[in-house]
Amino acid sequence: MADTTGSDDRLTDTATLEPGDRVRPSVDEPMVVAASGAVGGPVGEHAVIGRHWFWTPLRVALLLSVVALSLGWFGKAACAQQYDAGDGRVALDWRANRPYVAMCYTDVIPLYSAERLNQGGFPYATGWVENEGKPDETVQYMEYPVLTGLFQWANAELTQGWLSMAGSGWLPTALPVVVYFDITAFWLALAWLVTIWATLRTARKRPWDAAFIAVSPLVIVHAFTNFDTVATAFAAAGVLAWARKKPVLAGVLIGLGAAAKVYPVFLLGALLVLCVRAGKLTAWGKTALAALLSWLAVNAPFFLSGTTREGWWQFFRLNTTRDADPDSLYNVIARFSGWEGFDAGRPLGSSPVWLNTVSGVLFLVACAVIAVIALHAPRRPRFAQLAFLVLAVFLLTNKVWSPQYSLWLVPFAVLALPRWKLLLAWMAVDALVWAPRMFYFMNDPKKGLPEEWFLSAVVLRDLAVLVLVAVVVHEIYHPARDLVRAGGDDDPAGGVVENAPDRVFIHSRKRDALV
């Protein structure tokens, strides 16, 4: 197929862009056009663009992200308050359902003691007994993938170092769990700044899209809910490395991301389909091999050691045996219909085999449909479009959708579908699910909310994601409506497949007409 994109290979970094190359949101984005009236209207046709000595789009995006992360920290800080418990004791103030009433709940705080991090044990080697003496008695270990577990352990060690120096009068002090939360929040914020940096560099002509996600409501609500920004940083950096035609580095970063949270490995599936269509399987093989080797380099010391092997399996064991989470599609259907689920009556502690099977099969079928779309579309889809579709269908079909998982979608959503009104609507709906979730989990009939309110919010979130999926698929089949390609790019994140001719595809009349 002839190259009709008008892409310029010199545009490898925003620093090389001429003023005419940059997308100006106050001119091109309807939401910003309307909002710009408060500050004098859209930027003028003859304004000097992209030449300020300090305020580059990247620095503006990072500043906005710092503001949003600060708001997110203050939102969680209500759960890190201390009070005088009497007899000279200071305790963490989680009285009167504070985490749910203040909507400040974060996994970081309870896991400090629940994962025995406060006792100085090494993850995966330190176990403990839960429900001792009961039929469901089990030995538990760190329940996270290796890099996330080590991240928690390193922060716990830093906490002990901080407290030691505080005891000498060098630093301010607080409860160990409060110091741990603040140290963890610092690194999680830094990881999200890396996510913003990598996403902006990948966006190329559209750097302000990264500035838009910097103030996403999802970031304000969930940046510190769990440890997911570590994985988003690796994933975003891996996409940038692929975009810069560094497949081995991309694989290393994706593998490390998968060692923190599993989802970055799904990016390899999107890349595989694109490389099949473009005939670039050698590059994909390098990326996949590098991802495997980097994942093994991190995990091998744990599953090969007799002292940590059992603990290393905990993550996989937990994800096999856990039931459908409250905000999964399966739980919503079961609660609204009265259905008892796929594995009703299964023995205590056993795996929900049918739920696992159905969830896995639905995801694989959805991925197969995405692959067909990618090979059948009149023009090869962009990497971000396929990555977003794969992650979206994974969350929709998976038996677990923890609220912070929505952060996974944010960078890919803005790269795949840079329509700010639509994205803001989804992000707002998704972030607002937190409120009924907190008041439902309060489990107080006089102060909480009925389960139906929470489940209805979950349904709205799923519908919002499905709308984004539908629009992305529509633009894949109608590339003229794709705002990224309308700006002259083929695929800013495409790397070796950008502007490459098709080698393997499913014939369609629209595609044949473009050849």
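Helix α15 gives the most to the lining of the second largest pocket, with four residues. Helices here (H or I, at least four residues) and strands (E, at least two) are DSSP runs, numbered from the N terminus. The model is predicted, so to speak of local features takes a pLDDT of at least 70 and side-chain atom pairs count only at pLDDT 80 or more, while totals for chains, interfaces and linings use all residues. Residues are numbered from 1 along each chain as its sequence is written, and side-chain values use heavy atoms, with hydrogens and water left out.

**Pockets**

- A pocket is an open set of points on a 1 Å grid over the protein atoms alone, with protein on both sides within 12 Å along at least five of seven lines, and lining residues have an atom within 4 Å of a point.
- The second largest pocket has a volume of about 630 Å³, where a volume is the space filled by probe spheres set on the points, and grid points are joined across faces, edges and corners.
- Its lining counts 23 residues, with Glu130, Thr138, Gln140, Leu318 and Thr321 nearest the centre of the second largest pocket.
- Besides α15, at least two lining residues each come to the second largest pocket from α5, β3 (128-130) and β4 (138-140).
- By class, the lining of the second largest pocket splits into eight nonpolar, seven polar and eight charged residues; Ala, Val, Leu, Ile, Met, Phe, Trp, Tyr, Cys and Pro count as nonpolar, Asp, Glu, Lys and Arg as charged, and the others, Gly among them, as polar.
- Now for the largest pocket: about 1200 Å³ of space lies in it, and α15 is again the top contributor to its lining, with five residues.
- The largest pocket has 40 lining residues, and those nearest its centre are Asn319, Arg322, Val400, Ser402 and Tyr405.
- Helices α5 (108-114), α15 (314-321), α17 (353-376) and α21 (434-441) each supply at least two residues of the largest pocket's lining, which holds 23 nonpolar, ten polar and seven charged residues.

**Cavities**

- A cavity is a set of grid points where a 1.4 Å probe fits but cannot get out, and the structure holds six cavities of 30 Å³ or more.
- Seven nonpolar, one polar and four charged residues make up the lining of the largest cavity.

**Nonpolar cores**

- A nonpolar core is a set of buried Ala, Val, Leu, Ile, Met, Phe, Trp, Tyr and Cys residues joined through side-chain atoms within 4.5 Å; buried means under 20% relative accessible area, exposed over 50%, and partly exposed in between (1.4 Å probe, protein chains only).
- The largest core has 119 residues, and Phe383, Leu386, Phe388 and Trp426 touch the most other members.
- Helix α18 (residues 383-397) brings the largest share of this core, 13 residues.
- A second, separate core of six residues includes Val332, Phe454, Leu455 and Ala457.
- Trp426 is in contact (heavy atoms within 4.5 Å) with residues including Leu218, Leu409, Val410, Ala464 and Leu468, leaving aside neighbours within four places in sequence.

**Overall make-up**

- The protein has 24 helices and four strands, and 50% of its 515 residues count as buried.
- Of the contacts with a separation of 6 or more, 75% join residues 24 or more positions apart.

**The hairpin and positive phi values**

- Strands β1 (residues 82-86) and β2 (residues 89-92) pair in the antiparallel sense over four bridges; two strands pair if DSSP finds at least two bridges between them.
- Two residues separate β1 and β2 in this hairpin, and Asp87 in the turn has a positive phi of about 55°, while Gln82 stands opposite Leu92 in β2.
- Asn97, in the loop between β2 and α4 (98-101), has a positive phi near 60° and counts as partly exposed because its relative accessibility is 27%.
- Arg116, in the loop between α5 and β3, has a positive phi near 60°.

**A look at Trp153**

- Trp153 sits in helix α6 (residues 146-167) and counts as partly exposed because its relative accessibility is 26%.
- Trp153 and Phe122 are 31 residues apart in sequence and 7.0 Å apart in space, C-alpha to C-alpha.
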